[in-house]
Amino acid sequence: MPKIIDHDQRRREIVAVAKKLIIQGGFEAATMRSIVAEAGFANGALKRYFPSKDSIVAATFQSVLAEMNERILEADPSLDPQEALRRDIEVTLPLDKYRIDSARVLLALWEHSMANEELAAVYREHLREWRRRLAVRIAAARGRDEPCDAPTVLELAGEVIGMSIGANVTSLMFPDGALIPEHRAYVDRLMRNIID
């Protein structure tokens with residue numbers, strides 16, 4: 001009886017290997033050859049799942065963005081609006097080793113997306129959705145009956161996104177987590193600015 005292969009699981013394993021290689025050595029470390037070797041596949045087996053490095057990169061990028069979205073969507077519905085906003089901000093920041101590693105992957109993939117319009121479009125859509133969700137949270141946390149598309153609310157959402165991206169980039173220079181206290185303090189200041 002032939003062995004049944006879970007192709008979706010294989011794709012997830014390949015993406016996990018690509019992510020690991022990018023974390024260890026940057027984008028250039030994730031070659032088709034290194035992915036095959038690390039995953040333990042025979043040469044050519046990778047092409048069954050991903051026809052090119054670009055397709056692996058796209059899947060890895062989408063995986064990291066999906067993980068971020070999942071963390072945001074896992075919010076406890078019993079949190080009050082301000083706690084929910086704080087949590088949504090914190091889950092996008094490099095406040096532990098896992099998220100610092102994810103930032104390394106995102107940085108490599110952002111750079112690659114500069115020359116790949118498909119990846120750039122995926123990230124632009126992620127940014128639009130992120131801003132929309134933040135605006136809803138910010139409007140609720142401010143408690144002023146502002147619509148979520150009010151200019152002030154959208155500006156604050158943009159500030160949160162800019163701070164998060166900046167924190168993820170700077171964390172790469174301090175992979176030991178030395179900036180975590182600074183990032184937590186910034187969240188406190190940002191929350192005061194949003195609520196006041």
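**Entry 1: the whole chain**

I am working with a predicted model. I looked up the secondary structure first. The protein chain has eight helices and zero strands. Read along the sequence, I get the pattern α-α-α-α-α-α-α-α. I then checked the extent of the C-alpha trace. Along its principal axes it spans about 65 × 35 × 35 Å. Burial came next. Of the 196 residues, 43% count as buried. Residues 24 or more positions apart account for 68% of them.

**Entry 2: H1 against H2**

I took the H1 and H2 pair. Their axes are 9 Å apart, and the packing angle is about 115 degrees. That makes H1 roughly perpendicular to H2, since the class runs from 65 to 115 degrees. I noted the crossing as right-handed. From H1, the residues that meet H2 are Ile14, Val17, Ala18, Lys20 and Leu21. On the H2 side I found Ser34, Ile35, Glu38 and Ala39. By class, the contact of H1 with H2 holds six nonpolar residues, one polar and two charged.

**Entry 3: Ile35**

I stayed with isoleucine 35, which sits in helix H2. Buried or exposed, I asked of isoleucine 35? It counts as buried, because its relative accessibility is 1% and the cut-off is under 20%. I listed its contacts, leaving aside neighbours within four places in sequence. Isoleucine 35 touches Ile14, Val17, Ala18, Leu21, Ala30, Leu46 and Ile56. I also took one distance. Isoleucine 35 and aspartate 76 are 41 residues apart in sequence, and their C-alpha atoms are 37 Å apart in space.

**Entry 4: H1 against H5**

I moved to the other H1 pair on my list. The axes of H1 and H5 come within 9 Å and cross at roughly 90 degrees. That makes H1 roughly perpendicular to H5. H1 brings Lys19, Ile22, Ile23, Gln24 and Gly25 to the contact. H5 brings Tyr98, Asp101, Ser102, Arg104, Val105, Ala108 and Leu109. I sorted the contact of H1 with H5 by class and got six nonpolar, three polar and three charged residues.

**Entry 5: H3**

I checked the length of helix H3, residues 53-73. At 1.5 Å a residue, its 21 residues should span 30 Å. The end C-alpha atoms are 30 Å apart, so the two agree. Which residues of H3 are buried? I listed Ile56, Val57, Ala58, Ala59, Thr60, Phe61, Val64, Leu65, Met68, Arg71 and Ile72. I then looked for what covers the buried residues of H3. The cover includes H1, H2, H4, H5 and H6.

**Entry 6: Thr92**

I picked threonine 92, in the loop between helix H4 (81-90) and helix H5 (97-113). Its relative accessible area is 3%, so threonine 92 is buried. I left aside neighbours within four places in sequence and found contacts with Met68, Ile72, Trp130, Ser164 and Asn168. Met68 and Ile72 are among the buried residues of H3.

**Entry 7: H6 against H7**

I looked up helix H6 (residues 117-142) and helix H7 (residues 151-171). Their axes are 8 Å apart, at an angle of about 120 degrees. I noted the crossing of H6 and H7 as right-handed. H6 contributes Tyr123, Leu127, Trp130, Arg131, Leu134, Ala135, Ile138, Ala139 and Arg142. H7 contributes Thr152, Val153, Leu154, Leu156, Ala157, Gly158, Val160, Ile161, Ser164 and Ile165. I divided the residues of this contact by class: 14 nonpolar, three polar and two charged. Trp130 and Ser164 are also contacts of threonine 92.

I followed leucine 154, which lies in helix H7. Its relative accessible area is 30%, so leucine 154 is partly exposed. Not counting residues up to four places away in sequence, leucine 154 touches Arg131, Ala135, Cys148 and Asp149. I took the C-alpha distance from leucine 154 to phenylalanine 27, 127 residues away along the chain, and got 33 Å.

I ended on aspartate 145, in the loop between H6 and H7. Aspartate 145 has a positive phi of about 55 degrees, although it is not a glycine. Aspartate 145 counts as exposed, because its relative accessibility is 79%.

Note on methods. Residues numbered from 1 in each chain as written. Predicted model: local features only at pLDDT ≥ 70, side-chain atom pairs only at ≥ 80, totals over all residues. Heavy atoms only, no water. Axes fitted to C-alpha atoms, helices over the stretch in contact; angles between N-to-C directions. Helix = DSSP H or I, 4+ residues; strand = E, 2+ residues; numbered from the N terminus. Left-handed = near helix turned anticlockwise from the far one by under 90°. Contact = heavy atoms within 4.5 Å. Nonpolar A, V, L, I, M, F, W, Y, C, P; charged D, E, K, R; others polar. Buried < 20%, exposed > 50% of the residue type's maximum accessible area, 1.4 Å probe, protein only. Expected span 1.5 Å × (residues − 1). Parallel < 35°, antiparallel > 145°, perpendicular 65-115°, else oblique.
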